[in-house]
Amino acid sequence: MVRRYQAPLYRLAVRVLDDRQEAEDVVQDVLVTAWRRLPELRDDAAVGGWLYRAATNRSLNRLRDRRTLPDDALEQLPDLRPGEQPQRVVEAAAGVHALAAALRGLTPEQRAVWVLRELHERSYAEIAEALGTSPVAVRGRLARARADLAEAMTAWR
């Protein structure tokens with residue numbers, strides 16, 4: 001379970017929280033809780049959905065507990081591959097920084113919906129279940145998140 005879900009749950013949590021340490025804590029909490037509740041989880045196919053829902057909810061709860069978001073963080077400089085021009089690496093890094101800043105501008109719910117849909121390719125129904133809302137609400141939040149991100153990323157088109 002850890003090998004299969006640790007990395008995707010971490011990516012989800014770090015994108016929602018914009019903080020690597022908190023994301024590690026969330027993933028650890030979720031996996032420990034899952035391990036303890038493993039006998040209660042009857043349907044093997046539902047484990048993944050349960051883990052995503054738990055990670056999303058814990059991430060959103062941590063966001064709600066914060067007053068402000070940290071300025072550091074989502075950004076990672078891409079690796080410089082042989083033959084790749086340094087200018088392209090700098091441009092890619094700047095794009096990642098801009099996207100991170102744009103994601104910080106979204107509400108926690110919009111950010112969670114966008115991350116689950118665009119990065120984790122979850123269906124509207126799965127996202128709605130993870131967030132405890134309806135697919136119609138997910139569709140609306142996703143549309144708003146996409147519009148806000150598109151506006152914030154205008155310079156990068």
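Colleague: Why does Met1 count as partly exposed?

Modeller: In this predicted model, Met1 has 32% relative accessibility. Buried means under 20% and exposed means over 50%, so Met1 falls in between and counts as partly exposed.

Colleague: What makes Met1 part of a nonpolar surface patch?

Modeller: Met counts among the nonpolar side chains, and a patch residue needs over 30% relative accessible area. Met1, at 32%, passes that cut-off. Together with Trp35 and Leu38, Met1 makes a patch of about 320 Å².

Colleague: Which helix gives the most to the lining of the second largest pocket?

Modeller: Helix H2 does, with six residues. The lining includes Met1, Tyr10, Leu31 and Trp35, and the space inside is about 180 Å³.

Colleague: How do you know that Arg104 forms a salt bridge with Asp18?

Modeller: A side-chain nitrogen of Arg must lie within 4 Å of a carboxyl oxygen of Asp. The closest N and O atoms of Arg104 and Asp18 are 3.2 Å apart, so the pair meets the cut-off. Arg104 sits in helix H4 and Asp18 in the loop between H1 and H2, 86 residues apart.

Colleague: Is Asp18 buried or exposed?

Modeller: Asp18 has 1% relative accessibility. That is under 20%, so Asp18 counts as buried. Arg104, at 22%, is partly exposed.

Colleague: What makes Arg62 and Asp29 a salt bridge?

Modeller: The N to O distance is 3.6 Å, and the limit is 4 Å, so the pair qualifies. Arg62 lies in helix H3 and Asp29 in helix H2, so the bridge ties together parts 33 residues apart in sequence. Both residues also belong to a network of salt bridges with Glu22 and Asp25.

Definitions and conventions:
Residues are numbered from 1 along each chain as its sequence is written. This is a predicted model: local features need pLDDT of at least 70, side-chain atom pairs count only at pLDDT 80 or more; totals for chains, interfaces and linings use all residues. Side-chain values use heavy atoms; hydrogens and water are left out. On a 1 Å grid over the protein atoms alone, a cavity is a set of points where a 1.4 Å probe fits but cannot get out, and a pocket is an open set with protein on both sides within 12 Å along at least five of seven lines; lining residues have an atom within 4 Å of a point. Grid points are joined across faces, edges and corners, and a volume is the space filled by probe spheres set on the points. Helices (H or I, at least four residues) and strands (E, at least two) are DSSP runs, numbered from the N terminus. Patches are made of residues with over 30% relative accessible area and no salt bridge: like charges are joined within 9 Å, nonpolar side chains (Val, Leu, Ile, Met, Phe, Trp, Tyr) within 5 Å. Accessible areas come from the Shrake-Rupley method with a 1.4 Å probe; for residues, only the protein chains shown count as cover. Buried means under 20% relative accessible area, exposed over 50%, partly exposed in between (1.4 Å probe, protein chains only).
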